[in-house]
Amino acid sequence: MHVTIFSENPEALIEISTKLRETLPSNLKIYGITKVEVRSPGDYGIDKLHIIKDLRNIYEAEAIIEKVAKESYSKLIILESNKNNREIAARIAAKLNAGYIADCIDLKLDADGSIIASRMIYASKAIETIKSISDVTVMTMPRRITEPKAQWKVGCEIVYEDPPKVEAKTTIIDVKRKELSAIPLEAAEVIVSVGRGFKRKEDCKMAEELAKILGGVTACSRPIAADLKWFNEWIGLSGHKVSPKLYIAIGISGAIQHLAGIQGAKIVVAINKDAEAPMIKSADYGVVADLYEFIPKLIEKLKSTSTK
Amino acid sequence: MEIAVCIKQALDVSQLKMDPKTLEPLIHVTPMKMSDIDRNALEEALRIREKHGGKVTAISVGGDKAKEVLREAIAMGADDAIHILNDIGEVDEHVISEALAEILKMKGPFQIILCGEMSIDKYTAQVGVRVAEKLGIPCITYARSISIEGEEVIAERDLEDRIEMVKAKMPTLITVTREINTPRLPQLIAILRAAKKPIETLNLSQLKVDLKSKLKTLSVKGIEVKRKGVLIKDLPVDKAVDELLNNLIREGVIKR
Ligand SMILES: Cc1cc2nc3c(=O)[nH]c(=O)nc-3n(C[C@H](O)[C@H](O)[C@H](O)COP(=O)(O)OP(=O)(O)OC[C@H]3O[C@@H](n4cnc5c(N)ncnc54)[C@H](O)[C@@H]3O)c2cc1C
Ligand SMILES: Nc1ncnc2c1ncn2[C@@H]1O[C@H](COP(=O)(O)O)[C@@H](O)[C@H]1O
């Protein structure tokens with residue numbers, strides 16, 4: 001089977017190619033498309049790599065993916081899952097009248113050669129297993145579904161190309177960057193997460209201090225980032241899905257969409273003044289307390305024990 | 001200004017329970033509701049109408065009960081509602097998009113078509129984009145604000161690491177995020193009036209579009225995340241802190 005994969009990010013590319021080599025039969029041919037050099041792509045099972053250095057927008061990305069997929073007779077087109085790529089994937093699927101499986105976390109081939117894939121649905125309460133009965137199948141795949149492994153050693157042909165000339169239907173007139181966490185939230189061992197129980201932005205300093213003492217990072221629920229803009233990145237279904245050793249949710253009610261982001265956490269602590277909050281019920285340790293009393297005390301104790 | 005909003009009746013996932021033995025999701029006893037973000041899409045449509053005039057048409061593909069969300073849309077202020085009755089059975093997003101695009105062509109032209117960024121049960125974020133492509137019009141995804149200037153729409157796209165301001169010539173399809181607005185609550189009198197309003201219904205099987213799904217669900221299995229559920233309450237703050245720290249040390253997640 002021939003597969004076309006796309007990501008601007010080489011790390012995602014080799015994760016996806018590893019996943020394919022691990023799960024699909026050996027008569028696989030992988031055509032990668034990315035923006036920058038990839039170190040020994042053949043070791044990760046990529047047979048041919050298209051490098052398009054100055055890929056400018058989603059329309060050019062879409063055009064090159066379509067071109068490579070068509071020329072290589074790919075039956076499967078996989079993009080790294082992110083907001084822009086989900087748009088590209090849906091549009092390619094629409095053009096090809098193809099099935100599009102968003103955020104696929106696992107895949108295999110059925111006895112009859114068709115693709116079977118799984119994805120989380122119902123706010124991550126369930127896994128749906130889907131069979132594709134489409135000539136070509138389009139997918140997006142999130143990061144970290146597998147560890148990249150350099151063990152295939154296929155000879156990889158590398159081609160450098162210019163971006164295809166295409167007409168953009170929308171025009172970008174301004175871009176504002178968001179300030180992101182220094183280490184990716186997905187890699188953090190300890191996360192202290194802030195919810196609407198915090199009354200003012202300044203109060204979040206407490207959470208920052210706690211995170212620092214515990215050697216972790218801060219994050220938050222969606223309204224803290226998306227509405228109040230106190231932070232930039234949130235945890236949950238529509239945000240980051242994390243798996244730290246310790247997740248401390250402070251003043252977070254524990255809506256299902258939030259819980260969907262912390263299923264991988266080893267230990268979950270909730271601090272909430274409402275004993276009925278779902279967060280308390282979905283935690284390993286649920287502390288029913290006012291955060292404004294509890295957190296300063298917690299910080300004080302942690303400081304005094306660490307200096308002892 | 002002719003505005004259309006695509007509204008899905010979705011499973012209310014916060015109320016979804018699993019069969020404790022088989023982990024089968026108990027879908028048939030779970031209530032349905034208007035997909036949250038589609039409510040924001042409708043609110044935005046009403047605001048655009050309030051500012052620029054025109055008409056708002058709500059469209060939904062779904063079983064007989066999908067009429068409920070269209071009634072709700074009318075109660076919130078939609079002028080018209082069209083129900084594409086799914087008389088086929090389970091269909092995928094490809095078929096839903098084909099049907100929506102067909103109706104939008106039939107009833108249009110619409111200058112603005114609004115969708116949610118994604119539906120709250122399936123969360124695939126594809127129907128809006130597919131519909132735009134079928135109609136051959138621009139698509140702006142993840143909009144957290146929209147303004148209209150002359151023939152153009154300007155929107156702020158909320159992406160992971162940046163906010164992009166983009167513009168496109170109308171007609172345009174826009175998918176919106178939750179943050180774009182706070183939806184209004186329908187008034188009682190409007191709810192009563194909406195209950196009487198006839199809703200135009202067309203059968204999905206009668207549409208001249210590709211009605212063959214490309215994807216087929218084989219199974220849906222619930223996931224159980226087991227947490228310990230230890231409660232620390234009714235203790236003086238001092239004691240509560242000690243209790244938590246002792247537990248976390250025992251778990252080996254913080255160092256002594
Ligand atoms: C499609 C969709 C996607 C979504 N995606 C996400 C997502 O990815 N991530 C996400 O987080 N949300 C998401 N949401 C939003 C989610 O449904 C909730 O609205 C949100 O998580 C609530 O945030 P919160 O817990 O901070 O606020 P609230 O629900 O307002 O909770 C505040 C909590 O703080 C407690 N509290 C108040 N004062 C104190 C105090 N002094 N001390 C201690 N506790 C206190 C309260 O008891 C309450 O439980 C999504 C929603 C939808 C519809
Ligand atoms: N059955 C449907 N009827 C009307 N609109 C829909 C339907 N399904 C999806 N949509 C629209 O498409 C958006 C994205 O849905 P999805 O692709 O399922 O995540 C939703 O927010 C709706 O605006």
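## Reading two chains together

Guide: Let's start between the chains: chain A and chain B have 49 residue pairs in polar contact, both residues at pLDDT 80 or more. A polar contact is a pair of N or O atoms within 3.5 Å; within protein, one must be able to donate a hydrogen and the other to accept it, and residues adjacent in sequence count only if both atoms are side-chain atoms. This is a predicted model, where local features need pLDDT of at least 70, side-chain atom pairs count only at pLDDT 80 or more, and totals for chains, interfaces and linings use all residues. Residues are numbered from 1 along each chain as its sequence is written, chains are lettered from A in the order in which they are written, and side-chain values use heavy atoms, leaving out hydrogens and water.

Visitor: How many salt bridges are there between chain A and chain B?

Guide: The rule asks for a side-chain nitrogen of Lys or Arg within 4 Å of a carboxyl oxygen of Asp or Glu. Here the count is nine, and one pairs B:D242 with A:K301 at 2.9 Å, N to O.

Visitor: And what area do chain A and chain B bury between them?

Guide: Interface size is often given as the accessible area lost when the parts come together. Buried area uses a 1.4 Å probe and is summed over both parts. Chain A and chain B bury about 7200 Å², 58% of it on carbon and sulfur atoms. On chain A's side, A:K83, A:Y122 and A:Y285 supply 12% of the area, more than any other three residues.

Visitor: What do domain 1 and domain 2 of chain A bury between them?

Guide: Domain bounds come from an automatic or database assignment, which gives 2–160 for domain 1 and 185–306 for domain 2. They bury about 510 Å², 62% of it on carbon and sulfur atoms. In domain 1, A:A123, A:S124 and A:R144 lose the most area to domain 2, together 75% of what that side buries. The salt-bridge count between these domains is zero.

Visitor: Which residues touch the most other members of the largest nonpolar core?

Guide: Nonpolar side chains tend to be buried together in soluble globular proteins. A nonpolar core joins buried Ala, Val, Leu, Ile, Met, Phe, Trp, Tyr and Cys through side-chain atoms within 4.5 Å; buried means under 20% relative accessible area (1.4 Å probe, protein chains only). Of the 53 residues in the largest core, B:L42, B:I112, B:L114, B:I146 and B:I174 touch the most other members. A second, separate core of 51 residues includes A:L79, B:L104, B:F110 and B:L204.

Note on methods: Buried means under 20% relative accessible area, exposed over 50%, partly exposed in between (1.4 Å probe, protein chains only). Buried area is the accessible area (1.4 Å probe) that two parts lose on being put together, summed over both.
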